[in-house]
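Student: I have a model open and would like to talk it through with you. Could we start with the ligand and its surroundings?

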Amino acid sequence: MTNPFININEGSGILVGNLSSLGGAFIPDNLPHREEEISQMSRLLGSLMRNTRPSNIMVYGRTGTGKTSTTRYVVKMLTEATRGSVMVSYINCQIYDSQYSILITLVNFFSRSEEEHIPLSGWPMDRIYAELVRRMQESGKFLLIILDEIDKLVAKGGSDSLYVILKLADDTSAPCSSIIGITNNTSFTESLDARVRSRLNQESLLFPPYDANELKDILAYRTNGLLKEGVLEESAMNLCAAIGAREHGDARKALDLLRIAIDISVRDSKEKVTEVEVISARDRLEVDILRESIRSLPLHSKILLLSCVVTQEMGQRPTLTGEIFENYCNICAELGYQSLSSRRIGDMLSDLDDTGLISSKIQSMGRYGRSRLIQLAENGELLKKYLLEEDALSSFRGRKLGRQVRFKIGDEESTG
Ligand SMILES: Nc1ncnc2c1ncn2[C@@H]1O[C@H](COP(=O)(O)OP(=O)(O)O)[C@@H](O)[C@H]1O
Ligand SMILES: [Mg+2]
């Protein structure tokens, strides 16, 4: 047999650079069409050059509008310019989602060696706070805290979860610090209580979506030197830009599409990257995202989603939450899981709504009060296929489903 890896290695030879430079971890040297935002943010942080504390800043904008990259780009230049007098701690609140874990991260950020690290649990909050203040004082540096995806922190812990971190910035007995909060959720601060909001939102920056032309420039810039001359068809790039623009001006989407399209051309030993590969890339990306978002759901959300699918299959749509709950209990019984209370299930339906897998609306049922109606946001067949791929659900056969199913089967028999 000829070695199969040799072919993979060769590919089509259209690639000159490294495709991973289009991935999310790569920070480009330039950010076309973010000049305005860069200069605004630099102006706001500029007081640090005069040793004055800058205001806290909130950065808003839809996903993929360059908030994270622009902020990191600006603070990188800031640390260079301030020659070590400013320490920047970047914290992703999707990972560090409590003020406890954030404070520990900050304290350990000031550790000079592993031995100085404080343990991840066991210390009370006020001790961690005091230790952080002590270490900041000792370092004599200004601390700039970037809380990316800050909405995740508040979603979990409410306004209170920002309290201690804001206190750090306001505490006159503590050395100076400021916060940059970043969020995709433009109505995020509305959920905060007024005191927290006004302290966090001293300045705000809104990142507008990129339009198709801007995305084209970004793609051209990011693919410069990546491929052999003439390989990347302009129409392919235009299509990626158009799709990214339609998805609320999302540069990440446009870049992902192009990266996958190029990858497909390389693997299929094509000479060019055309619209055809972009369309395959789009299909692949959508399937991947859907599968991934299902995979990452907690067990009972998976069961609940499966119940939404089968309940919708059974009859009228949109579907009533009561029926979904009933089928959820039946599926739990069939698979041998203890079902959760209807209240918990109500909360989990809201979470599924947030992930975009279902959509729900409240409808008045006249004198019966109000009820929530649920509709699947994705193709039910596809959802079911991915759900049943999960080990925890794979033995599902629908043996204990509600009366509608039996009714439907009876119906079919009588007509057949
Ligand atoms: N103006 C730009 N120029 C080049 N690449 C960009 C630009 N804006 C965004 N990107 C790229 O798009 C992707 C998404 O940007 P990111 O900053 O993570 O967006 P957000 O944080 O707003 O979701 C990243 O890979 C980033 O490098
Ligand atoms: Mg981001």
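This is a predicted model: local features need pLDDT of at least 70, side-chain atom pairs count only at pLDDT 80 or more; totals for chains, interfaces and linings use all residues.

Student: How many residues surround ligand 1?

Tutor: With that cut-off of 4 Å, we can look at the shell. The closest residues are P32, G64, K67, S69 and Y210. By class, the shell has seven nonpolar, seven polar and five charged residues. The number of residues surrounding ligand 1 is 19.

Student: How much of the accessible area of ligand 1 does the protein cover?

Tutor: On its own, ligand 1 has 560 Å² of accessible area. Of this area, the protein covers 95%.

Student: Between which domains does ligand 1 lie?

Tutor: The protein is divided into domain 1 (35-207), domain 2 (211-294) and domain 3 (297-415). Helices α3 (67-81), α9 (212-223) and α11 (251-267) each supply at least two residues of the shell. Two domains give residues to the shell around ligand 1, so the ligand lies between domain 1 and domain 2.

Student: And how far apart are the centres of domain 2 and domain 3?

Tutor: These two domains do touch: five residues of domain 2 are in contact with 11 residues of domain 3. Taken over C-alpha atoms, their centres are separated by 36 Å.

Student: Now T183: is this residue buried or exposed?

Tutor: T183 sits in strand β4, which covers residues 177-183. Among its contacts beyond four places in sequence are M58, Y60, K67 and F188. A residue is called buried under 20% relative accessible area. Because the relative accessibility of T183 is 1%, this residue counts as buried.

Student: Which side chain makes a polar contact with the side chain of T183?

Tutor: The T183 side chain also reaches a backbone atom, the nitrogen of N185, at 2.9 Å. Its side-chain partner, at 3.0 Å, is D151.

Conventions: Residues are numbered from 1 along each chain as its sequence is written. Chains are lettered from A and ligands numbered from 1 in the order in which they are written. Side-chain values use heavy atoms; hydrogens and water are left out. Helices (H or I, at least four residues) and strands (E, at least two) are DSSP runs, numbered from the N terminus. Buried means under 20% relative accessible area, exposed over 50%, partly exposed in between (1.4 Å probe, protein chains only). A polar contact is a pair of N or O atoms within 3.5 Å; within protein, one must be able to donate a hydrogen and the other to accept it, and residues adjacent in sequence count only if both atoms are side-chain atoms. Contact means heavy atoms within 4.5 Å. Accessible areas come from the Shrake-Rupley method with a 1.4 Å probe; for residues, only the protein chains shown count as cover. Ala, Val, Leu, Ile, Met, Phe, Trp, Tyr, Cys and Pro count as nonpolar, Asp, Glu, Lys and Arg as charged, and the others, Gly among them, as polar. Domain bounds come from an automatic or database domain assignment.
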